[in-house]
Amino acid sequence: MSMNPDLTEFKARQVAYYARREDAVHEPNLRRFLQKRLDAFRPHLGDARAILEVACGRGWLASALASDTAGPRGRTVFGLDLSQERLVTARAAGISAVRAD
């Protein structure tokens with residue numbers, strides 16, 4: 001079953017919009033954002049050796065989770081995202097990431 005062309009165009013515009021918004025995030029804000037997320041996730045992750053981040057984008061949170069010293073050594077974080085452009089950045093950061101919808 002193929003997707004409606006109008007819906008395909010809408011999804012492409014939506015992905016481009018969010019990529020531009022993400023580009024507008026400044027590093028200090030990003031660090032605060034990541035720290036808040038790590039603090040919120042730590043109690044739920046426990047000794048998890050593998051984590052899947054859905055909608056990982058550029059892998060910022062996945063990278064932070066992988067390098068979090070409060071977690072077990074050798075923790076593996078996998079990423080999943082729709083945007084191939086964002087996945088390139090996530091992979092460059094060392095995250096095993098795949099494109100999926």
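Trainee: How many salt bridges does a search of the whole structure find?

Mentor: Four. Keep in mind that this is a predicted model.

Trainee: Where do arginine 42 and aspartate 39 lie?

Mentor: Both are in helix α2 (residues 27-45), three residues apart, which is again about one turn of the helix. Arginine 42 is partly exposed at 29%, and aspartate 39 is partly exposed at 42%.

Trainee: Which parts does the pair of arginine 42 and aspartate 68 tie together?

Mentor: The side chains of arginine 42 and aspartate 68 meet in a salt bridge at 2.9 Å, N to O. Arginine 42 lies in helix α2 and aspartate 68 in the loop between α3 and β2, so the pair ties together parts that are 26 residues apart in sequence. Salt bridges with shared partners join Asp39, Arg42 and Asp68 into one network.

Trainee: Is aspartate 68 buried or exposed?

Mentor: Its relative accessibility is 12%, so aspartate 68 counts as buried. Leaving aside residues up to four places away in sequence, aspartate 68 touches Leu38 and Arg42. The α3 helix on one side of its loop spans residues 60-67.

Trainee: Now the sheet. In what order do the strands come, and is the pairing parallel or antiparallel?

Mentor: In general, strands of a sheet pair through backbone hydrogen bonds, in either a parallel or an antiparallel way. Here three strands form an open sheet in the order β1-β2-β3, and the pairing is parallel. The edge strands, each pairing on one side only, are β1 (50-54) and β3 (96-99). Neighbouring strands are turned against each other by 20° on average, direction ignored.

Trainee: How many bridges pair β1 and β2?

Mentor: Five, in the parallel sense, with β2 covering residues 76-81. For isoleucine 51, the bridge partner in β2 is valine 77.

Trainee: Which helix packs on the sheet?

Mentor: Helix α4, residues 84-92, does so, touching β2 and β3. The direction of α4 makes about 170° with that of β3.

Trainee: Finally, the nonpolar core. Which residues of the largest one touch the most other members?

Mentor: The general idea is that nonpolar side chains tend to be buried together in soluble globular proteins. The largest nonpolar core here has 15 residues, and Leu34, Ile51, Leu65, Val77, Ile95 and Ala97 touch the most other members. The elements giving two or more residues to this core are α2, α3 and α4.

Trainee: What does isoleucine 51 touch?

Mentor: Not counting residues up to four places away in sequence, isoleucine 51 touches Leu45, Leu65, Arg75, Thr76, Val77 and Phe78. One of these, Val77, is also the bridge partner of isoleucine 51 in β2.

Technical notes: Residues are numbered from 1 along each chain as its sequence is written. This is a predicted model: local features need pLDDT of at least 70, side-chain atom pairs count only at pLDDT 80 or more; totals for chains, interfaces and linings use all residues. Side-chain values use heavy atoms; hydrogens and water are left out. Two strands pair if DSSP finds at least two bridges between them. Helices (H or I, at least four residues) and strands (E, at least two) are DSSP runs, numbered from the N terminus. Axes are lines fitted to C-alpha atoms, for helices over the stretch in contact, and angles run from 0 to 180 degrees between N-to-C directions. Contact means heavy atoms within 4.5 Å. Buried means under 20% relative accessible area, exposed over 50%, partly exposed in between (1.4 Å probe, protein chains only). A nonpolar core is a set of buried Ala, Val, Leu, Ile, Met, Phe, Trp, Tyr and Cys residues joined through side-chain atoms within 4.5 Å.
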